[in-house]
Amino acid sequence: MAYRVLGRAGPPQPRRARRLLFAFTLSLSCTYLCYSLLCCCDDLGQSRLLSAPRCLRGPSAGGQKLLQKSRPCDLPGPTPSEPSAPSAPAAAAPALRLSGSNHSGSPKLGTKRLPQALIVGVKKGGTRAVLEFIRVHPDVRALGTEPHFFDRNYGRGLDWYRSLMPRTLESQITLEKTPSYFVTQEAPRRIFNMSRDTKLIVVVRNPVTRAISDYTQTLSKKPDIPTFEGLSFRNRTLGLVDVSWNAIRIGMYALHLESWLRYFPLAQIHFVSGERLITDPAGEMGRVQDFLGIKRLITDKHFYFNKTKGFPCLKKTESSLLPRCLGKSKGRTHVQIDPEVIDQLREFYRPYNIKFYETVGQDFRWE
């Protein structure tokens, strides 16, 4: 019986059927291969989870027989019959205790905090030395410049003040230095309003020597100012000292301290001797570290005496190839003052000094 009737094609030949089946199988194999590559490789072409068996995500019904040996993917998330459980938060990476500035592109470590300690005075007493010495300690981060927040910039607000601070870890102390705070009437109340737990450091020095140093600094900037004697006295013959001159008034420590004791207990104020800071820097800095509640790490091995400047400098450290001394403005030679003027000023300061000794419980031996 003939297979061709009215020009229509009869059943496909066996050879053609095999070709169609082969093409269909080949197509499914390619699909499987592409699917596997997409499932097991990332967008960079690097193998992901190489140790995990290959899996498929919902093969088509036509290819189930070909792909039946492949394990279905275990997709994350609940099955339709199970309620969704809250995912556990990722464990936080432990904080790294690094010193120095961060490299570009690395995450910033620590937080900008309001200072827990302040060096509030006094000008020309040795505040810069204390700041530079204490910055060697790994548990202290200090602002290098004087922000003058509690005297000149208070109107800018605490957020502005905080933004100036270095980043610190929880275990570190934030510190700043502005010597004019000690003689600013509003500073104690403003600092108390920021935090009543603030620790205060005051570096004091023989008030006569301090006044001469203050004048010497001003003279280097303004050579045409009157003489030291002329500024110190309203009437030298009568021994009337001009307490309106700031260089004289700063040294009346007992007077300024009264304002601070209205807001802070004496236990929260530490007094550093400017004289002992020169002769025994390790001893004075040891007491500063005790006051701040940090381990005594700054010791004799950190200092050497610079004969040219006349005060101690920091020895070179692992992070510095050279020793570190204070700037050229520190340790300058004082102007020569008439010894009689010095004696008159000593007599003027004597009652203030005695009252200061009695208040703080220390004899600084300035007489």
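1. A nonpolar core is a set of buried Ala, Val, Leu, Ile, Met, Phe, Trp, Tyr and Cys residues joined through side-chain atoms within 4.5 Å; buried means under 20% relative accessible area, with a 1.4 Å probe and protein chains only. The largest such core here has 30 residues, and Val 120, Phe 150, Trp 260 and Phe 356 touch the most other members.

2. A word on the basis: this is a predicted model, where local features need pLDDT of at least 70, side-chain atom pairs count only at pLDDT 80 or more, and totals for chains, interfaces and linings use all residues. Residues are numbered from 1 along each chain as its sequence is written, and side-chain values use heavy atoms, with hydrogens and water left out.

3. Now for the overall fold. You will find 12 helices and 13 strands in the chain, taken as DSSP runs (helices H or I, at least four residues; strands E, at least two) numbered from the N terminus. Of the 367 residues, 37% are buried.

4. Helix H9 gives the largest share, 4 residues. A second, separate core holds 24 residues, including Val 130, Ile 134, Ile 201 and Ala 282.

5. Finally, have a look at Lys 124, where an unreviewed UniProt entry places the feature "active site"; such annotations may be inferred rather than shown by experiment. Lys 124 sits in the loop between S4 and helix H3 (127-134). Its relative accessibility is 14%, so Lys 124 counts as buried.

Technical notes: Buried means under 20% relative accessible area, exposed over 50%, partly exposed in between (1.4 Å probe, protein chains only).
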